[in-house]
Amino acid sequence: PWIAHPPPPVSEAQVAGLISRLRGIDEALILTSFHQSALPLALLLRLAGVRRIAAVSDDYPGSLLDVRHVVDESLDVPEAERMLAVARAAGFDLPTDDDGKLAVQRPLPDIGRFTGQLLGVGADADEGTYVVVHPGTSAPARTWPADRHRQAVRGLVEDGNRVVVTGKERELTAYVAGDVAADLGGATTFGELAAVIERAGVLVAGNTGPAHLAAAVGTPVVSLFAPVVPAARWAPYGVPAVLLGDQQAPCRGSRARTCPVPGHPCLSQVTSEQVVKAVRELTQ
C-alpha cells in the first residue's frame, strides 16, 4: 500500500495486517518494476514465514532472498519479459504452448447492452467493428489534450469508423464523444472494459492501464506515449502498435507525473490527423 500515489503512511497495524494475510504462502515471486526495490516486501514475506522468495535485486539481499535475479538495469527490457525472467530464474518455465503474452481471465462479461443500444452492433457481430478512444490517464504528464481527443473522434467518424469513448471521468468522456460517438464513461466494470476493448479494431490511449488491457485481449493500440518512462519497457506488449509522441522530448525518463516542460511538447505536437492515419494503418 505504501507505494501507491499518493502513498499513505506506513503503520505498525498495516504491516501486521499484511503479514497476517501472507501467512501460509510457501513460495513468492516479487515482481517489481526497474525503479522499485523488492527487499522491503521480502522482509515482510520472511516475517510471514514464506519459505522461498525470488526477485530482482541489485542490492545485496542477504538472507531476504533465496533466488536473487540480477539484471542489467541500463538495458530497457519490456516489463512483461522482466517478470517472466524472475519466474524462470525461480524454476517456473512457460509451457511449450504458452507464448508469454499478456492475458486476462475468461470468460469476459457479456457486453450486449453496450454494443446493441449504443453502437447498433449485434452481439454476434465480428470483432473490429468500432474504435475505442480512452482519453483519461492517471498522470497529467501522460495526457493528450481533451480537445485533440475530441478532434480525433470526429476525424475517425468522418473516416468511416464507429467510435466508443471509455473511461471513469464522465465529464471528459462526454466532451470527447460529443454527439458523434458512443459515451461509455463511468458505465463499465473493469471486466466489461476488457470485453469492449477486445471487440474493438483498435484502441487509442495514452501510456495507461487500458493500453495494457488491450494487449492482454489482443487488440492493436495507437499509443499516445509520453516518454516520462521508456517506451521500450512500457509500450503495449505483444500486439501491433503505432507509437505517437516525441520520444526524445526533454521529459524523457523523468518519471514525472506532471509535465516538467512548458507546453507539454512530447504530446501536444501530435495531431488528430496523425491518430486517424495510425488507426487506418492498423485496421487495413
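Predicted model: local features only at pLDDT ≥ 70, side-chain atom pairs only at ≥ 80, totals over all residues.
Residues are numbered from 1 along each chain as its sequence is written, and side-chain values use heavy atoms, with hydrogens and water left out.

Let's start with the whole thing. The chain holds eleven helices and nine strands (DSSP runs numbered from the N terminus: H or I of at least four residues for helices, E of at least two for strands). Its radius of gyration is 21 Å, close to the 19 Å that the globule rule gives for 284 residues, so the chain is as compact as a globular protein of that length. That radius is taken over C-alpha atoms, and the rule is 2.2 Å times the number of residues to the power 0.38. Along its principal axes, the C-alpha trace spans about 60 × 45 × 40 Å.

Now look inside. Buried residues make up 44% of the 284, where buried means under 20% relative accessible area, exposed means over 50%, and partly exposed is in between (1.4 Å probe, protein chains only). The largest nonpolar core has 32 residues; such a core is a set of buried Ala, Val, Leu, Ile, Met, Phe, Trp, Tyr and Cys residues joined through side-chain atoms within 4.5 Å. Its largest share, five residues, comes from helix α11 (residues 272-283). Val-222 is one of the residues with the most contacts inside this core. Leaving aside residues up to four places away in sequence, Val-222 touches Val-204, Leu-244 and Val-279, among others (a contact means heavy atoms within 4.5 Å).

Next, find helix α3 (residues 79-89). Its buried residues include Glu-79 and Arg-82 as well as Ala-85 and Val-86. Strands β1 (27-30), β2 (52-56) and β3 (67-69) are among the elements that cover them, and so is helix α9 (231-234). After α3 comes Gly-91, with a positive phi near 100°.

Neither is a glycine, yet phi is positive in each: about 60° for Arg-255 and about 50° for His-264. Arg-255 is partly exposed at 43% relative accessibility, whereas His-264 is buried at 13%.
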